[in-house]
Each structure stands twice: as structure tokens, then as C-alpha cells.
Amino acid sequence: MAFGFNYRGTGAVFTIDRPEKRNAVNGEVMDGLSAAVEEAAGNNSLRYFAVTGAGGAAFCSGGDLSEFHRLKTAEEAAPMLEKMADILLRMSRLPVPVIALINGHAVGGGCEIATACDYRLVHETARCGYIQGTLAITTGWGGASHLLAKAGSEAIALRMLTESRVHPAGELIKSGWATEGFADEPDVALDRFVAPLERIHPSVIRAYKAAALRKREAAGLEEMIRAEVAECARLWEAEAHHEAVGLFLNKKK
Ligand SMILES: CC[C@@H](C(=O)O)C(=O)SCCNC(=O)CCNC(=O)[C@H](O)C(C)(C)COP(=O)(O)OP(=O)(O)OC[C@H]1O[C@@H](n2cnc3c(N)ncnc32)[C@H](O)[C@@H]1OP(=O)(O)O
């Protein structure tokens, strides 16, 4: 199985479980996350939803380039991009805090998954970034829209997107992208983070989450995501993108 979904204390944890591919997202992971989000949305006693990656190396390396490389045109790429963007939008709209437990590198679509979460806890060795620009595409799962809709500084957000590089944990904490860092085991960091939330009545937590969602919706998040997906699909079919992906896939041959 390419993923795990487990209840942990008062919360639920979705784990991408493909460490040999640095937890790249394939169709099975997408369907698993979609089902987990649906189940979590219907669970009225849930107090948080977390996403993480198996192994110590990566949180998620984005879309599985070997699987998605077969999508050549904008028309072929768009349904895949739309599907994941919809899953991440639904995840972000869960009525409880959504936490990215970033145990290792989060790049490309992996950084987008983290961005769709309310909080990002980053291991001290993790590096994160919207590296899609190095593949001659933009973010295509809604990550830029989530980032711009909730970022304190538009300039910092825009710079992260356009520079398309990875950032060390210290930089991510300083810029406010990461909520906090951790040096111990991810489970321990998660328990420490949720402990203060668990002392507050769940209806209060849900009310504040609803307030955050109202702010994002007022910014036109869903419409922004639709435009972002279309733009990525348009760039996807260019030769520059297919060449860059080919270089990555052939780097060890
Ligand atoms: C498609 C959606 C789009 C979006 O909308 O956002 C994207 O997500 S585009 C994808 C962007 N992602 C990348 O370009 C990530 C590429 N990966 C890396 O940069 C590195 O793997 C890493 C994450 C920094 C980790 O480096 P390292 O620990 O040195 O591992 P390796 O590079 O040796 O990888 C091990 C193994 O995993 C395979 N791998 C890694 N990432 C992917 C991926 N995204 N898709 C498919 N396969 C991936 C890599 O090829 C190696 O495989 P083997 O050679 O078979 O061992």
C-alpha cells in the first residue's frame, strides 16, 4: 500500500508510504488521501488531521514524475492537476486544524500539500520549496493560491514561488512559512503541538478554523486555484517541461 491512514489519540494521520520514491504522489496516494479527507470530514469527534511521509528522507517529492511523464498535452495533464487540487482544497476545508508534519524534504507538489495545511511543523534537516519552475511549470495543485491567500507577506510568497529553490528549515521558520521546527521524532513533535489545542473545547477550535476559512474564501481561493491549474496545464505541454523531466528521470542512467 502506498499510504497509511491511522487514528492517533484525538486526531488522524495520513502517511504517504513510498520512501523509495521519496514519497512521490501517484494515483494510489491521491485516491487514498481523497478517501481519508472524506472520512475525516464526516468524523465529528476528530480534533486534528495531519499529513506526513514515511522514512526520514522525505515528506513528499511531489508528483510521481515517472507516472505523470506520460501526460503530454495540456488536455492530458489538466484532469490529474484538477483532481489533486480538488483533494487539497477539500483537505484545507476540513473543520479541524490540518497539520503538515514535515519529516524530510517537501518539494514541488510536496510543498503544495504542506501549503494547503493550516500548520507546517518542519524537521531541522528538512528542505522545502516550490521547485516547479526548474521543470518549466508553475505549481499545479493549488499551492500558489493557498500560499498567496494566507501569506502574511505577498513579497515573501512571490519570491519563494519565482525563485523555485529549496529552503532550509531555519529560513522557513524565519520567514513564517513554517509554524515551528523540531529536532526530535515527528510523533513527539506532533503530540507536543496538539497538546495545547486539546485543552480547548473542540467547538472553539472548529469556530476559529471556520473564521480562517472565511478569510481564504473571501480572497477567492477556489477561483484562484482554478486559474493556477489551467496555467500549469498550459505550460505542461511545452517541450521545455518534458525535457526537464526527462533529465531528472535519466540522471542516474
Ligand atoms: C506533477 C505535479 C507537480 C506539481 O503540480 O507540483 C509536481 O510535483 S512536479 C514534481 C516536482 N518534484 C521534483 O522534481 C522532485 C524531484 N526529486 C528530488 O529533487 C529528489 O528526489 C529529492 C526529493 C530532493 C530527494 O533527493 P535524494 O534523497 O537524493 O533522492 P533521489 O533523488 O536519489 O531519489 C530517490 C529515488 O526516488 C525517485 N524520485 C524522487 N522524486 C521523485 C518524483 N517526484 N517522481 C518520481 N520518482 C522520484 C528518484 O528517481 C530515485 O529513484 P531511483 O533512481 O529508482 O532510486
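β6 (residues 105–107) and β8 (residues 127–129) run parallel and are joined by 2 bridges. I take strands as DSSP runs of E of at least two residues and helices as DSSP runs of H or I of at least four residues, both numbered from the N terminus. Two strands pair if DSSP finds at least two bridges between them.

Before going on, I note that the model is predicted, that local features need pLDDT of at least 70, that side-chain atom pairs count only at pLDDT 80 or more, and that totals for chains, interfaces and linings use all residues. Residue numbers start from 1 along each chain as its sequence is written.

**Sheet with β6 and β8**

I looked up the strand order and found an open sheet of 4 strands, β4-β6-β8-β9, with mixed pairing. β4 (58–60) and β9 (167–168) are at the edges with a single partner strand each, so one side of each has no neighbour in the sheet.

**Six-stranded sheet**

I then traced the open sheet of 6 strands, which has the order β1-β2-β3-β5-β7-β10 and mixed pairing. Its edges are β1 (3–8) and β10 (180–182), each with a single partner strand, so one side of each is left without a neighbour in the sheet. On average, neighbouring strands of this sheet are turned by 20° against each other, direction ignored. Axes are lines fitted to C-alpha atoms, for helices over the stretch in contact, and angles run from 0 to 180 degrees between N-to-C directions.

I checked two pairs here. β1 and β2 run antiparallel, joined by 6 bridges, and Asn6 stands opposite Val13 in β2. The two strands form a hairpin with 2 residues between them, and Gly9 in the turn has a positive phi of about 60°. β3 (residues 48–53) pairs with β5 (residues 98–102) in the parallel sense over 3 bridges. Phe49 has Val98 in β5 as its bridge partner.

I also found helix α8 (residues 186–198) lying across β2 (11–16), β3, β5, β7 (119–123) and β10, at about 155° to β5. Contact between two residues is taken as C-beta atoms, placed from the backbone, within 7 Å.

**Helix pairs**

For α1 (residues 27–41) and α3 (residues 74–92), I read an angle of about 30° with the axes 10 Å apart. The two are therefore roughly parallel to each other. Angles under 35 degrees count as roughly parallel, over 145 as roughly antiparallel, 65 to 115 as roughly perpendicular and the rest as oblique. α1 passes α3 in a left-handed crossing; a crossing is left-handed if the near helix is turned anticlockwise from the far one by less than a right angle, and right-handed if clockwise. From α1, Met30, Leu33, Ser34 and Val37 meet Lys83, Met84, Ile87, Arg90 and Met91 of α3. By class, this contact of α1 with α3 holds 6 nonpolar, 1 polar and 2 charged residues. Ala, Val, Leu, Ile, Met, Phe, Trp, Tyr, Cys and Pro count as nonpolar, Asp, Glu, Lys and Arg as charged, and the others, Gly among them, as polar.

I turned next to α3 and α10, whose axes come within 9 Å and cross at roughly 150°. α3 is therefore roughly antiparallel to α10, and the crossing is right-handed. The α3 side of the contact is Ala74, Ala77, Ala78, Leu81, Glu82, Ala85 and Leu89, and the α10 side is Glu222, Ile225, Val229, Cys232, Ala233, Arg234 and Trp236. The contact of α3 with α10 has 11 nonpolar, no polar and 3 charged residues.

α10 (residues 221–236) also packs with α5 (residues 143–150), at an angle of about 145° and with the axes 8 Å apart. Their crossing is right-handed. Here Ala144, Ser145 and Ala149 of α5 meet Leu221, Met224, Ile225 and Glu228 of α10. I sorted the contact of α5 with α10 into 5 nonpolar, 1 polar and 1 charged.

**Ligand shell**

Last, I listed the 26 residues around the ligand; Gly62, Gly63, Gly108, Gly109 and Gly140 come nearest. A residue counts as near a molecule or strand if its C-beta atom, placed from the backbone, lies within 6 Å of it. α2 (65–68), β6 and α4 (109–116) each give two or more residues to the shell. α2 has the largest share, 3 residues. By class, the shell divides into 11 nonpolar, 10 polar and 5 charged residues.
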